[in-house]
Amino acid sequence: MKDFYEVLGVNKNASLSEIKAAYRKQAMKWHPYRNKASEATEKFKEINKAYEVLSDQKKKQMYDQYGPEAFSRASSTNQPGGGYSQSPFTYTYTNFGGEGSPFEGFDFNGSFDPFDIFEQFFGFRSPSGSRSRTRRQTYEITLSFDEAVKGTEKTTVIKGDRRKIKIPAGVDNGITIRFSEFDLYISVRPDTRFKREGQDIYYEKEIPFTLAVLGGVVEVPTIKGSLKLRIRPGTQSGTTIRLRGEGVPFPNSSRFGDQYVIYRVKIPERVSSKAKKLLEELDQELR
């Protein structure tokens with residue numbers, strides 16, 4: 001059984017916010033409605049199972065103490081000294097070295113559903129049509145990046161009638177919104193400036209070599225407007241700055257994701273003889 005930390009791509013000292021961010025990224029990537037790979041469904045279940053445990057403090061403590069075996073399907077009741085047998089999140093305790101049950105007080109009732117976790121986390125119905133007991137008509141709408149981030153109102157034809165539909169801020173590509181009479185599948189066009197992962201956005205800022213060496217101030221765009229950032233002297237290419245709360249809003253929530261600014265140092269392909277001499281002098285100075 002894979003290590004839950006490895007599944008989410010975090011270390012054992014990861015904070016709850018880091019675990020949530022990792023889950024958000026992995027769940028959106030592997031949701032079987034968006035990812036058509038043959039292994040997507042199992043991967044999605046695996047990710048949600050890891051999150052279900054690591055996001056709960058008590059379950060996480062138990063996992064850290066007993067490891068993945070505490071959550072495996074295998075039975076160990078026949079091992080010397082006693083043990084425990086279990087199906088996923090359902091435990092039957094048998095003499096554990098004379099001590100009380102290590103699982104006492106834990107609610108592992110076997111009702112784990114990865115799609116329920118997805119719904120609770122993102123605030124939307126899972127876009128997997130197979131979970132619906134009754135067939136509902138699904139419509140698709142395409143939004144720009146800004147419309148998805150800031151919310152919008154669209155006029156469209158639903159069941160033969162022209163209707164205004166309010167799209168909340170923060171919806172993402174592949175999300176299905178449930179209305180009273182129908183479902184609406186959201187497609188979002190990519191943006192030329194920002195790359196979005198869940199509620200976080202990434203922006204690459206190219207800076208000249210001299211600015212990276214000497215430091216200074218640059219202006220970067222965000223979804224709320226422009227910000228001026230101070231660059232420290234000696235900034236390396238790939239340095240990433242986190243702007244808390246400058247990301248995409250969570251639908252129907254006051255919370256926001258973060259924006260990450262990644263600096264890319266531009267190295268000139270050609271330099272003048274004067275510039276070359278200055279760089280040579282700089283090279284000697286830094287040796």
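1. Strands E9 and E13. In this predicted model, strand E9 (residues 200-208) pairs with E13 in the parallel sense. Eight bridges hold the pairing. Within it, isoleucine 207 stands opposite valine 265 of E13.

2. The other partner of E13. Strand E12 (residues 240-243) is joined to E13 by four bridges. Here the two strands run antiparallel. Leucine 243 has glutamine 259 in E13 as its bridge partner.

3. Burial of E13. Strand E13 covers residues 259-266. Six of its eight residues are buried, so the strand is largely enclosed by the rest of the structure.

4. The loop between E12 and E13. Asparagine 252 is found in this loop. Its phi is near 55°. Is asparagine 252 buried or exposed? Asparagine 252 is exposed, because its relative accessible area of 69% lies over the 50% cut-off.

5. The three-stranded sheet. Strands E3, E7 and E6 form an open sheet, in the order E3-E7-E6. The pairing is mixed. Strand E3 (138-143) and strand E6 (176-178) are the edge strands, each pairing on one side only. On average, neighbouring strands of this sheet are turned by 30° against each other, direction ignored.

6. The E3 and E7 pairing. Strand E7 spans residues 183-188. Six bridges join E7 to E3, and the two run parallel. Threonine 142 stands opposite serine 187 in E7.

7. The largest nonpolar core. This core has 19 residues. Which residues have the most contacts inside it? They are Leu8, Val10, Ile19 and Leu54. Helix H1 (4-8), helix H2 (16-30) and helix H3 (40-54) each supply at least two residues. H3 gives the most, with seven residues.

8. Leucine 54. This residue lies in helix H3 and is among those with the most contacts inside the core. Why does leucine 54 count as buried? Its relative accessibility is 2%, and buried means under 20%, so leucine 54 qualifies. Leucine 54 and serine 15 are 39 residues apart along the chain. Their C-alpha atoms are separated by 9.9 Å.

9. The nonpolar surface patch. Eight named residues make up a nonpolar patch on the surface: Phe209, Val213, Leu214, Ile267, Val271, Leu279, Leu282 and Leu286. Together they have about 710 Å² of accessible area. Helix H7 (209-214) and helix H8 (273-286) are the elements that give two or more residues to the patch.

10. Phenylalanine 209. This member of the patch lies in helix H7. Phenylalanine 209 is partly exposed, because its relative accessible area is 30%, between the cut-offs of 20% and 50%.

11. How many salt bridges does the structure hold? The count is 14. One of the pairs to check is glutamate 52 with lysine 59, whose side chains meet at 2.5 Å, N to O. Both glutamate 52 and lysine 59 are buried.

12. Arginine 196 and aspartate 172. The side chains of these two residues meet in a salt bridge of 3.7 Å, N to O. The pair links distant parts of the chain, 24 residues apart. Arginine 196 sits in strand E8 (residues 195-197). Aspartate 172 sits in the loop between strand E5 (161-167) and E6. Both arginine 196 and aspartate 172 are buried.

13. Lysine 195 forms a salt bridge with glutamate 197. The closest N and O atoms of this pair are 3.7 Å apart. Lysine 195 is exposed, because its relative accessible area is 52% and exposed means over 50%. Salt bridges that share partners join Lys25, Lys195 and Glu197 into one network.

Definitions and conventions: Residues are numbered from 1 along each chain as its sequence is written. This is a predicted model: local features need pLDDT of at least 70, side-chain atom pairs count only at pLDDT 80 or more; totals for chains, interfaces and linings use all residues. Side-chain values use heavy atoms; hydrogens and water are left out. Two strands pair if DSSP finds at least two bridges between them. Axes are lines fitted to C-alpha atoms, for helices over the stretch in contact, and angles run from 0 to 180 degrees between N-to-C directions. Patches are made of residues with over 30% relative accessible area and no salt bridge: like charges are joined within 9 Å, nonpolar side chains (Val, Leu, Ile, Met, Phe, Trp, Tyr) within 5 Å. Accessible areas come from the Shrake-Rupley method with a 1.4 Å probe; for residues, only the protein chains shown count as cover. A salt bridge is a side-chain nitrogen of Lys or Arg within 4 Å of a carboxyl oxygen of Asp or Glu. Buried means under 20% relative accessible area, exposed over 50%, partly exposed in between (1.4 Å probe, protein chains only). A nonpolar core is a set of buried Ala, Val, Leu, Ile, Met, Phe, Trp, Tyr and Cys residues joined through side-chain atoms within 4.5 Å.
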